[in-house]
Amino acid sequence: MPGSDEGLDEVAVETTTPQQNKMDKLIEILNSMRNNSSDVDTKLTTFMEEAQNSTNSEEMLGEIVRTIYQKAVSDRSFAFTAAKLCDKMALFMVEGTKFRSLLLNMLQVTAAATPPAPLRTMSYF
């Protein structure tokens with residue numbers, strides 16, 4: 001209707017959920033970890049405590065698994081730290097689901113979706 005401003009000034013408002021805030025905090029801790037840092041074990045402990053305090057669903061636990069995996073794959077210098085973190089969190093459980101189970105399931109799906117590398121043979125002629 002002419003002259004009506006109803007609905008014309010709508011602005012998309014980005015809302016953050018408590019779950020997103022918790023993930024942001026966990027990602028911040030992950031990003032602060034460095035393999036050669038003397039406080040890496042302290043940060044691993046901090047991450048685990050924060051995860052235990054903020055993870056209340058299997059979905060959130062799955063997001064943590066994916067986040068650790070993606071950081072390890074994209075930042076090879078983080079891989080060793082990620083392995084230590086996964087080892088420490090292996091038995092962490094939410095809603096009857098263990099961290100280790102979600103990690104192994106994700107790795108199986110990833111491996112099944114990845115084409116095998118060509119075999120390399122060596123000739124000794």
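The model is predicted. The protein has 5 helices and 2 strands, and from the N terminus on the order is α-α-α-α-β-β-α. Of its 125 residues, 29% count as buried. As for contacts between residues at least 6 apart in sequence, 67% of them join residues at least 24 apart.

**Helices α1 and α2**

- Helix α1 covers residues 18–32 and helix α2 covers residues 40–54, and their axes sit 9 Å apart at an angle of about 170 degrees.
- Angles over 145 degrees count as roughly antiparallel, so α1 is roughly antiparallel to α2.
- On the α1 side, the contact uses Q19, K22, K25, L26, I29, L30 and S32. On the α2 side, K43, T46, F47, E50, A51 and S54 take part.
- Sorted by class, this α1 and α2 contact has 5 nonpolar, 4 polar and 4 charged residues.

**Helices α3 and α5**

- Helix α3 (residues 58–74) and helix α5 (residues 99–113) have axes that come within 10 Å and cross at roughly 55 degrees.
- That angle makes α3 and α5 oblique to each other, and the crossing is right-handed.
- From α3, the residues in the contact are E58, L61, G62, I64, V65, R66, I68 and Y69. They meet F99, L102, L103, M106, L107 and T110 of α5.
- By class, the tally for α3 with α5 is 10 nonpolar, 2 polar and 2 charged residues.

- With a relative accessibility of 1%, I64 counts as buried, because the cut-off for buried is under 20%.
- Leaving out residues up to four places away in sequence, I64 touches M23, L26, F47, A51, T55 and F99. Among these, L26 is also part of the α1 side of the α1 and α2 contact, while F47 and A51 are on its α2 side.

**The loop between the strands**

- E95 sits in the loop between β1 (93–94) and β2 (97–98).
- Although E95 is not a glycine, it has a positive phi of about 50 degrees.
- E95 is exposed, with a relative accessible area of 57%.

**After α5**

- T114 lies in the segment that follows α5.
- The relative accessible area of T114 is 46%, which means it is partly exposed.
- A polar atom of the T114 side chain lies 2.7 Å from the backbone oxygen of T110.

Key:
Residues are numbered from 1 along each chain as its sequence is written. This is a predicted model: local features need pLDDT of at least 70, side-chain atom pairs count only at pLDDT 80 or more; totals for chains, interfaces and linings use all residues. Side-chain values use heavy atoms; hydrogens and water are left out. Axes are lines fitted to C-alpha atoms, for helices over the stretch in contact, and angles run from 0 to 180 degrees between N-to-C directions. Helices (H or I, at least four residues) and strands (E, at least two) are DSSP runs, numbered from the N terminus. Angles under 35 degrees count as roughly parallel, over 145 as roughly antiparallel, 65 to 115 as roughly perpendicular and the rest as oblique. A crossing is left-handed if the near helix is turned anticlockwise from the far one by less than a right angle, and right-handed if clockwise. Contact means heavy atoms within 4.5 Å. Ala, Val, Leu, Ile, Met, Phe, Trp, Tyr, Cys and Pro count as nonpolar, Asp, Glu, Lys and Arg as charged, and the others, Gly among them, as polar. Buried means under 20% relative accessible area, exposed over 50%, partly exposed in between (1.4 Å probe, protein chains only). A polar contact is a pair of N or O atoms within 3.5 Å; within protein, one must be able to donate a hydrogen and the other to accept it, and residues adjacent in sequence count only if both atoms are side-chain atoms.
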